[in-house]
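Visitor: I am new to this structure. Could you walk me through it, feature by feature?

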Amino acid sequence: MTQGMIMADYCLTDGSCNVRMAVGMLIISSIFIGCGAFMSYASANIVQFLHNTKLKSANSIRLQRKLFVLLCAQTVIPLMLLYTPCILNLGLPLIGIDSTLSADLTPLSLSLFLPVDGLATIFLMKDYRRAALELICC
């Protein structure tokens, strides 16, 4: 064996399916979908609040919008680089799709998370972006 990995055994050796494992994946998937729906709902409410608010100054609203964009990026990056590859590795065998490519790319995706998350913060915040560009361009 040249490569080893931990995977869920959905199909047993006698050809029957492991119902307990399938139910567990269904529960985990439902939790992820519920969390995604809540994040979408909360994001829409924040955008609507920032659009309709009249109680704050224009600078304060601009700052809130920039921070909201940064928080959205810091939510999407782990979702795409950490959770999605792991869900694919567990979920694709459940529906009978080979997950070899996903399993091979998952370590790369997991290792890219920290640099991509840091770069997103640096380049989405104006002061950090200026300082980084000055450091690079000097």
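Guide: Start with Ala103, which sits in helix 3, residues 100-124. Keep in mind that this is a predicted model.

Visitor: Is Ala103 buried or exposed?

Guide: The cut-off for buried is under 20% relative accessible area. Ala103 has 11%, so Ala103 is buried.

Visitor: Which residues does UniProt list as "transmembrane region"?

Guide: The unreviewed UniProt entry lists residues 22-47, 67-85 and 105-125 under that name. That is the record's annotation, and it may be inferred rather than shown by experiment.

Visitor: What do residues 67-85 look like in the model, helix or strand?

Guide: The span 67-85 is 100% helix and 0% strand. Its end C-alpha atoms lie 27 Å apart. Residues 105-125 are 95% helix and 0% strand. There the end C-alpha atoms are 30 Å apart.

Visitor: Now the surface. Which residues make the nonpolar patch?

Guide: Ile28, Phe32, Phe38, Met39, Tyr41, Val76, Leu79, Met80, Tyr83 and Ile87 make a nonpolar surface patch of about 950 Å². Helix 1 (19-52) and helix 2 (58-91) are the elements that each give two or more residues to the patch.

Visitor: Where is Val76 found, and how accessible is Val76?

Guide: Val76 is in helix 2. Val76 has 45% relative accessibility, so Val76 counts as partly exposed.

Visitor: How is a pair of aromatic rings described?

Guide: By two values: the distance of the centres and the angle of the planes. A search of the whole structure finds one aromatic pair. Phe32 and Tyr83 form that pair, with 6.3 Å centre to centre and 40° between the planes. The pair is tilted.

Visitor: Which parts of the chain does the pair link?

Guide: Distant ones: Phe32 is in helix 1 and Tyr83 in helix 2, 51 residues apart. Phe32 has a relative accessible area of 37%, so Phe32 is partly exposed. Tyr83 is partly exposed too, at 42%.

Key
Residues numbered from 1 in each chain as written. Predicted model: local features only at pLDDT ≥ 70, side-chain atom pairs only at ≥ 80, totals over all residues. Heavy atoms only, no water. Helix = DSSP H or I, 4+ residues; strand = E, 2+ residues; numbered from the N terminus. Patch = residues over 30% accessible without salt bridge, like charges linked within 9 Å, V, L, I, M, F, W, Y side chains within 5 Å. Areas by Shrake-Rupley, 256 points an atom, 1.4 Å probe, with all protein chains shown as cover. Salt bridge = Lys/Arg side-chain N within 4 Å of Asp/Glu carboxyl O. Buried < 20%, exposed > 50% of the residue type's maximum accessible area, 1.4 Å probe, protein only. Phe/Tyr/Trp six-rings, centres within 6.5 Å; stacked < 30°, edge-to-face > 60°.
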